[in-house]
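Visitor: I would like to go through this structure piece by piece, with an answer at each stop. Where do we begin?

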Amino acid sequence: MQSFNHFLREKGVSNEVRSLLYHIARSVKYINFSIRAGNTGKCESQNLFGENQLKLDVSADKTIADELEKSELVTVIASEEKDKPEKFKSSRGNFFVAYDPLDGSSLVDANLAIGSIFGIWENADNILGKKVGENLIASCYAVYGPRITLTIAIKDKGAHEFELNDVGEFILSREKVEIENQSKYFAPGNLRACLNNPNYKKWVDFAIENKKTLRYSGGMVPDLHHILSKGQGIFCYPRDKKHVEGKLRLLFECAPFTFIFQEANGIGLNQEGKNILDTVVEDFHQTTPIFIGSKEEIQTVVKFLRKH
Ligand code: AHG
Ligand code: MN
Ligand code: MN
């Protein structure tokens with residue numbers, strides 16, 4: 001039984017990054033309490049994307065911001081639920097953290113699994129104008145399901161899964177999460193794109209003809225966690241007429257997950273077949289089409305979309 005902190009120390013993760021991850025893990029525990037407390041109603045407010053916020057979206061956002069401030073290691077934060085980034089003056093470190101406090105909000109009332117996503121950049125001095133992967137040194141996500149897990153990827157040190165035990169500690173549950181190059185599973189998001197992109201439909205038909213198994217919940221966190229847990233799979237969210245630059249957010253969802261997948265032998269590409277981490281950040285709330293998962297399968301999808 002290896003605790004989260006002990007494991008990361010043995011892996012040679014710096015004191016600062018371990019301390020920052022400790023605060024993130026604490027916020028995950030608090031968010032889990034509020035989910036279990038059943039405070040699942042809607043707010044009057046909307047976020048920058050025009051999506052109605054849940055009380056949980058807002059409270060999870062505040063819980064994370066408070067913990068990151070307490071760490072005294074973070075200079076700037078950006079959140080899916082905040083219009084613009086926030087600065088912490090009292091920080092002694094220089095990390096930038098971008099997060100999606102609650103992913104899968106629309107699944108909360110249905111009592112399906114939801115999650116939180118975090119990206120950690122080591123240099124907070126303006127991320128705009130740079131490739132999103134530059135200075136990205138760690139990412140993690142939590143799954144609030146029947147069990148609570150936290151999967152952490154550190155640059156060149158792999159991706160590892162921890163599970164919350166009944167005394168409130170995250171214990172190593174899976175060391176070195178890895179995915180194969182091929183896959184029998186597929187998670188084709190945004191099927192509406194088939195209406196104006198026959199190539200996407202061709203690929204979906206191809207997957208059906210090849211007897212792939214559908215695994216799709218409608219929440220990016222549980223859908224990608226399924227892939228990492230089974231060691232294979234692909235997830236797509238292409239552009240369509242309504243979402244010309246895709247729906248999923250570069251800083252809060254796509255970059256952290258691409259980082260985690262790369263540490264797990266996977267890949268995350270945009271619709272042009274470029275690595276998501278090479279995308280230049282122009283706006284904190286920028287979105288991108290995404291194709292992520294088992295390497296060879298992802299190359300096939302992107303080829304379908306580009307060639308046929
Ligand atoms: P969020 O709850 O943070 O707004 O994210 C929802 C996202 C993601 O979790 C999921 O993959 C996608 O929206 C589903 O989009 P559709 O509603 O278009 O299927
Ligand atoms: Mn989300
Ligand atoms: Mn969200």
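Guide: A residue counts as near a molecule if one of its heavy atoms lies within 4 Å of it. The model is predicted.

Visitor: Which of the 18 residues around ligand 1 come nearest?
Guide: There are 18 residues around ligand 1. Those that come nearest are Gly 104, Arg 192, Met 220, Tyr 237 and Lys 247.

Visitor: How many Å separate an oxygen atom of ligand 1 from an N or O atom in the side chain of Arg 192?
Guide: A polar contact is a pair of N or O atoms within 3.5 Å. An oxygen atom of ligand 1 lies 3.0 Å from a side-chain N or O atom of Glu 80, and an oxygen atom of the ligand lies 2.9 Å from a polar backbone atom of Ser 105. For the side chain of Arg 192, the distance from a ligand oxygen to an N or O atom is 2.6 Å.

Visitor: What percentage of the area that ligand 1 exposes when taken alone does the protein bury?
Guide: Taken alone, ligand 1 exposes 470 Å². The share of this area that the protein buries is 83%.

Visitor: Which strands stand at the edges of the open sheet of 8 strands?
Guide: The order in this sheet is β4-β3-β5-β6-β7-β8-β9-β10, and the pairing is mixed. An edge strand here has a single partner, so one of its sides is left without a neighbour in the sheet. The strands in that position are β4 (86-87) and β10 (170-174).

Visitor: Which helix packs on the sheet with a direction at about 20° to that of β7?
Guide: Helix α3 (residues 55-71) lies across β3, β5 and β6 and runs at about 155° to β5. Another helix packs on the sheet and touches β3 (74-79), β5, β6, β7, β8, β9 and β10. The one at about 20° to β7 covers residues 15-36 and is α2.

Visitor: In what sense do β3 and β5 pair, parallel or antiparallel?
Guide: Strands of a sheet can pair through backbone hydrogen bonds in either sense. Ser 79 stands opposite Tyr 99 in β5. Over 5 bridges, the sense in which β3 and β5 pair is parallel.

Visitor: What is the bridge partner of Val 97 in β6?
Guide: Strand β5 (residues 95-103) pairs with β6 in the antiparallel sense over 6 bridges. Asp 100 stands opposite Ile 117 in β6. The bridge partner of Val 97 is Ile 120.

Visitor: Which residue of β7 stands opposite Ile 114?
Guide: β6 and strand β7 (residues 136-144) run antiparallel and are joined by 8 bridges. Opposite Ile 114 stands Tyr 144.

Visitor: How many of the residues of strand β6 are buried?
Guide: Side chains in a regular strand alternate between the two faces of the sheet. From β6 (residues 114-121), Ile 114, Ser 116, Phe 118 and Ile 120 point one way, while Gly 115, Ile 117, Gly 119 and Trp 121 point the other way, and all are buried. The count for the strand is 8 of 8.

Visitor: Which strands stand at the edges of the open sheet of 5 strands?
Guide: This sheet has mixed pairing and the order β12-β11-β13-β15-β14. Each edge strand has a single partner, so one side of each is left without a neighbour in the sheet. They are β12 (213-214) and β14 (267-269).

Visitor: Is Thr 258 buried or exposed?
Guide: Thr 258 lies in helix α6. Leaving aside neighbours within four places in sequence, its contacts are Gly 268, Asn 275, Ile 276, Leu 277, Ile 290 and Ile 292. The cut-off for burial is under 20% relative accessible area. Because its relative accessibility is 0%, Thr 258 counts as buried.

Visitor: How many of the 11 residues of helix α5 are buried?
Guide: Helix α5 (residues 220-230) is largely enclosed by the rest of the structure. Its buried residues include Met 220, which is also one of the residues that come nearest to ligand 1.

Conventions. Residues numbered from 1 in each chain as written. Chains lettered and ligands numbered in written order. Predicted model: local features only at pLDDT ≥ 70, side-chain atom pairs only at ≥ 80, totals over all residues. Heavy atoms only, no water. Pairing = 2+ DSSP bridges. Helix = DSSP H or I, 4+ residues; strand = E, 2+ residues; numbered from the N terminus. Polar contact = N/O pair within 3.5 Å; in protein donor to acceptor, adjacent residues only side chain to side chain. Areas by Shrake-Rupley, 256 points an atom, 1.4 Å probe, with all protein chains shown as cover. Buried < 20%, exposed > 50% of the residue type's maximum accessible area, 1.4 Å probe, protein only. Contact = heavy atoms within 4.5 Å. Axes fitted to C-alpha atoms, helices over the stretch in contact; angles between N-to-C directions.
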